[in-house]
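Take a look at the model below.

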Amino acid sequence: KLGGAVAPPVAALPPGPTNYTFYIADEEDANAFALPGGAVIVTRGLLASAERPEQVAGVVAHEIAHVTKKHALRQSISSFGPALLLELFASSDNHLVGSLGAVSQLLVIQSFSQEYEFEADSVGWDYLVAARIDPQGMIEMFKKFKAEEDREKELLGPDIPALSSHPTTGKRIAKLEGKWKKLKRKSGFNEMEPWTNGVAKKG
């Protein structure tokens, strides 16, 4: 059950105006992404590949961090430059909403920069620790992603466009494993409902 995996990291967030809404996309590929405004989409493929809810919570915390750090807006401004800012602030309210909507649609198909991915990993990790969720779930899910990337590289070659702007998953895993080594408290995490085939079950 997705709610059980997302509620703890959301509860650990600092106070803010964003209301988060979570959706399950009927897609086989294991993936998740966040949209400006707090919409977070998780695919059925990701839920099916998870062996425990902490792994889903790790991915969700990463995506929430993209929202809280305003990566979508920051990357848009970086991509379009001061002209975008001038247009937004000089627009009428209706035009402003339309401009932001166009930017949001573009961001759905854009990848975040390496800097933002590393930042989202680190901030998401901190949300998990604050919620007393075992942050190793994030590492475990990233290892699943890396295994899938390795399979795709064997089939398609090393230059996969979808991965071109992301830091290598191996580097991300290494950074997170470094954070785990430095973590003072490595036990006493809250127990989450067991996870079977993407569905948390009681008992």
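Predicted model: local features only at pLDDT ≥ 70, side-chain atom pairs only at ≥ 80, totals over all residues.

Numbering starts from 1 along each chain as its sequence is written, and side-chain values use heavy atoms, without hydrogens and water.

Start with helix α8 (residues 136–156) and helix α9 (residues 169–182). Their axes come within 10 Å and cross at roughly 160°. The two helices are therefore roughly antiparallel (an angle over 145 degrees). On the α8 side, the contact (heavy atoms within 4.5 Å) includes Phe142. On the α9 side, Arg172 and Trp180 are among the residues involved.

Arg172 and Phe142 also meet as charge and ring. Arg172 lies over the face of Phe142, 4.6 Å from the ring centre. For this, NZ of Lys or CZ of Arg must be within 6 Å of the ring centre and within 35 degrees of the ring normal. Lys175 places its charged end over the ring of Phe118, 5.0 Å from the centre.

Now turn to ring against ring. The structure holds 2 aromatic pairs (Phe, Tyr or Trp rings, the six-membered one for Trp, with centres within 6.5 Å). In one of them, Trp180 and Phe189 are tilted, with 6.3 Å centre to centre and 35° between the planes. Planes under 30 degrees apart would count as stacked, over 60 as edge-to-face, and the rest as tilted. Trp180 counts as buried because its relative accessibility is 16%. Phe189, at 21%, is partly exposed. Buried means under 20% relative accessible area, exposed over 50%, and partly exposed in between (1.4 Å probe, protein chains only).

Technical notes:
Axes fitted to C-alpha atoms, helices over the stretch in contact; angles between N-to-C directions. Helix = DSSP H or I, 4+ residues; strand = E, 2+ residues; numbered from the N terminus. Parallel < 35°, antiparallel > 145°, perpendicular 65-115°, else oblique.
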